[in-house]
Amino acid sequence: MHDDTELTRGRVRRVLIERIMPAIHSDRAEVNLEWHPLDGEPVPPAEGLALDYAPCQLGEPWGPAWGTTWFRVRGTVPREWAGRRVELLADLGFDVNMTGFQAEALVYRSDGKPVKSLNPRNQYVTIAREAEGGEEVELYLEAAANPVLLDYQPFQPTREGDILTSSPRPLYATRRIELAVFEPEVFELAMDLDVLLELQAELPAGPRRARILQGLDDALDVVDLQDVAGTAARARAVLAPVLAASAGESEHRISAVGHAHIDSAWLWPVRETIRKVARTSSSMAELIEDTDDFVFGMSSAQQYAWLKEHRPEVYRRVRDAVAGGRFLPLGGMWVESDTVMPSGESLVRQFLYGQRFFETEFGIRCRGVWLPDSFGYSPALPQLLARAGFEWFFTQKISWNQVNVFPHHSFAWEGIDGSRVFTHFPSMDTYNSQLSGAEVAKASRQFREARVATGSIAPVGWGDGGGGTTREMVARASRLRDLEGSARVVWEHPEAFFERAMAELPDPAVWAGELYLELHRATLTSQHRTKQGNRRSEWLLGEAELWSTQAALEAGYEFPHGELDALWKQVLLLQFHDILPGTSIAWVHREAVAEYRRIEQAAQELIDRALAALVGGGDHEIVVNPAAFGRDAVPPGGAVERATVDAGRATLAPVTLTPSSDGGHVLANGLVEVHVSAAGTITSARDLATGHDVIAPGAEGNLFQLHQDFPNMWDAWDVDRHYRAMVTELRDGASVTGELADGRAVLTLERAFSASRLSQRIVLEPGSRTLRFETAIDWHETEKFLKVAFPFDIRADHTLAETQYGYQRRVTHTNTSWEAAKFETSMHRFVLAAEESAPGAPIGAALVNDSLYGHDVTRSVDEANVTTTVRLSLLRAPRFPDPETDQGRQTMTYGLVIGADVAAATAAGALLNSPQRVVTGGRGFEPLAAIADDGIVLANATLAHDRSGDLVVRVYEALGRRAHGTLTLRGDYASAREASLLEEPLGGPVEADLTGGRAVVPLELRPFEVRTLRLARRWLLR
């Protein structure tokens, strides 16, 4: 036989697209269309239904960016349509390639009941599954005119991303709104052809492909293209044997779950996400009602909470579907957060609030964490997942790596403490599967555990901007359940997949350390104000809990559970993986910064109230230390009168400030000596105990470097390696003045550069090894990246960068492509470069910061001298999606810790982020908690979230070694137990001395171990 493969393929494609798919709807009937464009923000559905409506014409433009138009559709089902399925077809001006990224609508009945959404890939509403004929139709469409920001030519600067700057011109025009008869046999034929056409394209030449092609030709031979509906059944009968051929026993098994991955904010504001969730949830509830086995999974307790608050009519449908086991709460987190930048306590609260919501509302506890789209994953995460009771972890984002292909799909992920969690990446490499032939074949072909495991997960549906699964996807799944030549597809809960996968892989391969994403590295820097707000809010809420807890225990203060819960939930929302990383539109970040101001003010008020209860009335100045480390004679978590602090400071060697011969200054305090040049750079930073100068010979620290920054794509997300090729070192135009003020040496650096201006205070205090740089930048750059460099005379084989509850160790070489790809990496409050050295005489330097997350490290050799250069990433200026990213005044503080080891770096980072306070009152107070071991750190103290009055204390080992110590807690306690991160007791009481008005708990922690203790109180301290 001649090879007619391409002829058959071309024939099927054209007939399917031009004849069969248009015939899925046959007879049509006009409707009456009216509208009411809203002038401002959206209104509740009840108000929308009660609006005054005016006639409008099909094709009339509607919807300025971010506007809402309510449409009312009225019509009558023709009597001759009795017994047939009738649908409303509505095209509001859709582009099928922009699902979730443009106009959408939620359809309501006249009684206010939500039906489903309308979007580019879902343009129908069922009117009657079996019409009687003559029914009156009245539907209301709440249509959102969301602008397309990620268009066919992506990453173009636009001002449409904020309602304050967007254009008032209408963006859309209705194309079709009409009643139509749905032809089920034609739809099923279209799906038969679609699945077989895509399947044969993935098969090698051979009998199966040949028989599929022949079956397709034979089926089209019996289709009358002028009467598709009348001949579809005959064509389907021809295809039935081809579709009935069974898959082999060894075929890959795909566990499909309906999915929408609705970003809680991104190219739309939070207020629009609330409506996106309602639209998608309505459609998925409708699809569940129309099918027998389809299941849909949705993560993020926040999104369910939005439905409950803003769309209770939708929430009732969701709750019923959850009860039926078909709508699946996933992930056990408040939102799908970033996991690299949030603090450890923030991640704990993501799990705590997420799981509590799902248990309270649905009686469900999630067994795994579902994070398909975050930009890399912290190596602290496996321990936190395990201690929160999770059994598995799911993501797919690492498949986006630029350079290296990850070697596993199902494996054990090991964290910094040695904890492991079973992890799965879908071999389909997407969280928005359509169950296309190419996707299904790819899932089977590249599954890396195929020798020992049978399957993978496929999240199925239109995502990012919502939309979810369509009936076409469900139809594909039904045909792929058992089809020769294809992987088997079955709808099932991810937990069923993970149970089977863990049984198949009792001893899986292990990946140790961070899951670094070789892409989106600039998310550690973009939108500095958002990141600064996150860091400050995290600390202030922890401080508010500490003082409120101690005041409740010792002063009869009412613990503000409700206020703290509300503030924490808002911080957790802002840690969503497109908000905290700085990759959302201007509107989102404008609102985020405003929210952080509100959170800071509210947290400050809570702190003030609690401290007032603790210090009592009086006019003494009381110095309060909220940090986990002592300073100025104030113990960690304690408060003393200023006179005591002043007396302690008087015993310290004074700070000196002297001019140097090169026009610069020398700062010294008996511990360190620092030379600052006339350009404001650090030419020497000597540890007087060891004599070692941490600045490399002939080099300069605090050297600002300005790079051109125009990545290949994903402007706010990416920095590409080539950015290093063009750099301007900022030495010129500096003015440096110095003074001694309040016992401190202070240099003030002023410099204009490019279109921006920098002002910096360089501060050295008595008794401190940290040289502090208090920096303000009036930033007006375009597509630039600002870094500050510190070249260290330190041969560091690796650096230590703080992460949640510990640090991660990264090599400084680039031996392999894996190391070379990590040219921009994360940190929290410190990064340390150090040599092996004698105890008590560290040869090391640390950089600490109060609001930065990105840095890079390079190593160079000049003869035998090794220089390790650490650069902090300060500011960027991408133009998409926010064309004004970081413009204006920015502030940040960083510090150079001279002669540092990991203990010094940990303490200095904590102290910089938790400044002491001075309040007025009658007395100081002893710390609630005291720890006897330098390596064990108090992470949090609060009252239990179940409002039982129990005390919950969290500690961790910070130095990466085994630690033995004691935790002493003021108060009268009946019992002490170890608890999970969800505050649930684990086992019986722990060893503790509970006598004498205190609890003394012996602690023995492994490296980086996090330990939570729960203590039941007898009564309040008097």
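Reader: Hi! Starting with helix α4, residues 207–221: what should its 15 residues span, and what do the end C-alpha atoms give?
Author: Hello! This is a predicted model. At 1.5 Å a residue, the 15 residues of α4 should span 21 Å, and the end C-alpha atoms are 21 Å apart, so the two agree.

Reader: Nice. Which residues of α4 are buried?
Author: Arg208, Arg209, Ile212, Leu213, Gly215, Leu216, Asp217, Ala219 and Leu220 are buried in α4.

Reader: And what covers those buried residues of α4?
Author: The cover includes α1 (5–20), α3 (184–202) and α5 (228–244).

Reader: Let's stay with α3, then. At what angle do α3 and α4 pack, and how far apart are their axes?
Author: The angle is about 145°, and the axes of α3 and α4 are 9 Å apart. Their crossing is left-handed.

Reader: Which residues make that contact?
Author: From α3 there are Leu193, Leu196, Leu197, Leu199 and Gln200, while α4 brings Arg208, Arg209, Ile212, Leu213, Leu216 and Leu220. By class, the contact of α3 with α4 has eight nonpolar residues, one polar and two charged.

Reader: Switching topic: how are α14 and α16 oriented to each other?
Author: The axes of α14 (residues 528–555) and α16 (residues 586–615) cross at roughly 20°. Angles under 35 degrees count as roughly parallel, and α14 and α16 are therefore roughly parallel to each other. Their axes come within 8 Å.

Reader: Is the crossing of α14 and α16 left-handed or right-handed?
Author: That crossing is left-handed. The contact of α14 with α16 has 17 nonpolar, eight polar and five charged residues.

Reader: Okay, on to α19, residues 902–913. How does its expected span compare with the distance between its end C-alpha atoms?
Author: Its twelve residues should span 16 Å at 1.5 Å a residue, and the end C-alpha atoms are 17 Å apart, which agrees.

Reader: How many of the twelve residues of α19 are buried?
Author: Nine of the twelve are buried, so α19 is largely enclosed by the rest of the structure. Those buried residues are Val902, Ala905, Thr906, Ala907, Ala908, Gly909, Ala910, Leu912 and Asn913.

Reader: What about Ala904, then: what is its relative accessible area?
Author: Ala904, which lies in helix α19, has a relative accessible area of 26%. Buried means under 20% and exposed over 50%, so Ala904 is partly exposed.

Reader: Last one: how far are the C-alpha atoms of Ala904 and Arg769 separated?
Author: They are separated by 9.0 Å, with Ala904 and Arg769 lying 135 residues apart along the chain.

Notes: Residues numbered from 1 in each chain as written. Predicted model: local features only at pLDDT ≥ 70, side-chain atom pairs only at ≥ 80, totals over all residues. Heavy atoms only, no water. Axes fitted to C-alpha atoms, helices over the stretch in contact; angles between N-to-C directions. Helix = DSSP H or I, 4+ residues; strand = E, 2+ residues; numbered from the N terminus. Parallel < 35°, antiparallel > 145°, perpendicular 65-115°, else oblique. Left-handed = near helix turned anticlockwise from the far one by under 90°. Nonpolar A, V, L, I, M, F, W, Y, C, P; charged D, E, K, R; others polar. Expected span 1.5 Å × (residues − 1). Buried < 20%, exposed > 50% of the residue type's maximum accessible area, 1.4 Å probe, protein only. Contact = heavy atoms within 4.5 Å.
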